[in-house]
Amino acid sequence: MSRRDPVLAVIGGTGVYALAELADVESIDATTPYGAPSGPVRVGTLAGERVAFLARHGEGHGVPPHRINYRANLVALRQAGARRVLALNTVGGITPAWGPGVLGCPDQLIDYTWGRVSTLCEEPGSEVLHVDFGEPYTATLRREVLAAAATAGVPMVDGGCYGATQGPRLETRAEIARMRRDGCDLVGMTGMPEAGLARELGIDYACLAIVANWAAGAGPDPDEVITLDDVLANVRLATAGVSRVLSALLAG
Ligand code: HPA
């Protein structure tokens, strides 16, 4: 088996627990100075390139957003040799361009989470980093993802603001209305601290958002109730497009 470092790591979100096309898979049960990641790191071959995959919530979706060991997840991927991460995030849409089924590559975020370990500088004696985060996603990787989507003929929204909420409950309509006023286009529960930690680690990081539902009160039916079944069904429908983008990204 090849020992080349993966050219890309993919973190799967809700509804994405494996990369179906990954071949010659080696599974790594990583340990890190921050504890164990959400599950095994699967390193294999996709479109002729080495790729690492990790299910953010665990492969059985057992880890809620606020309990994810984001530090261990990213460090485990780094230990596996990955320097670039494409984060798949299942989200709710807030503004009109972000309806269910849409794929997008946001360029901004607002962090509404609380109480999560959000830095590598926690340990006594560690150097305090104040990383630049004005542009939270890596511009070069974003451009490559968008170019890959264009090559693959998969429509993708370019830019938008991701609001990261605490979860695991969904938001109230008032919370989503406030987020819209704040400038958020999409809402998810896992975008932070993941993006900030990636920056601290010097890992290139971009988000490929999969819109699974209208956020509370944002769709044409303001009384709509969001169900996990609907969320998962919409993610399933979107995975073919995500796979095509991924293959084009790796081939590019
Ligand atoms: N809100 C927060 N996170 C989500 C949503 C939502 O509506 N849908 C999928 N993940």
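Modeller: A polar contact here is a pair of N or O atoms within 3.5 Å. The model is predicted, and the distances below are computed from it.

T90 contributes through its backbone instead, where an N or O atom lies 3.2 Å from a nitrogen atom of the ligand. As for cover, the ligand taken alone exposes 260 Å², and the protein buries 93% of that.

The residues around the ligand are T90, V91, G92, L170, E171, V187, G188, M189 and N213. Strand 5 gives the most to this shell, with three residues. Strand 5 and strand 10, which spans residues 186-188, each supply at least two residues of the shell. The space that the ligand takes is the largest pocket.

Strand 5 also has a link to helix 1. Strand 5 covers residues 84-93 and is among the elements that the buried residues of helix 1 pack against. The others are strand 1 (8-12), strand 3 (41-46), strand 4 (49-55) and helix 4 (194-201). Helix 1 itself runs over residues 70-79 and is mostly covered, with eight of its ten residues buried. Those buried residues are Y70, R71, A72, N73, L74, V75, A76 and L77. After helix 1 comes G81, which has a positive phi near 105 degrees.

Notes: Residues numbered from 1 in each chain as written. Predicted model: local features only at pLDDT ≥ 70, side-chain atom pairs only at ≥ 80, totals over all residues. Heavy atoms only, no water. Buried < 20%, exposed > 50% of the residue type's maximum accessible area, 1.4 Å probe, protein only. Helix = DSSP H or I, 4+ residues; strand = E, 2+ residues; numbered from the N terminus. Contact = heavy atoms within 4.5 Å. Near = heavy atom within 4 Å. Polar contact = N/O pair within 3.5 Å; in protein donor to acceptor, adjacent residues only side chain to side chain. Areas by Shrake-Rupley, 256 points an atom, 1.4 Å probe, with all protein chains shown as cover. 1 Å grid on protein atoms, 1.4 Å probe; cavity = no way out; pocket = protein on both sides within 12 Å on 5 of 7 lines; lining within 4 Å. Sits in = over half its atoms within 2 Å of the grid points.
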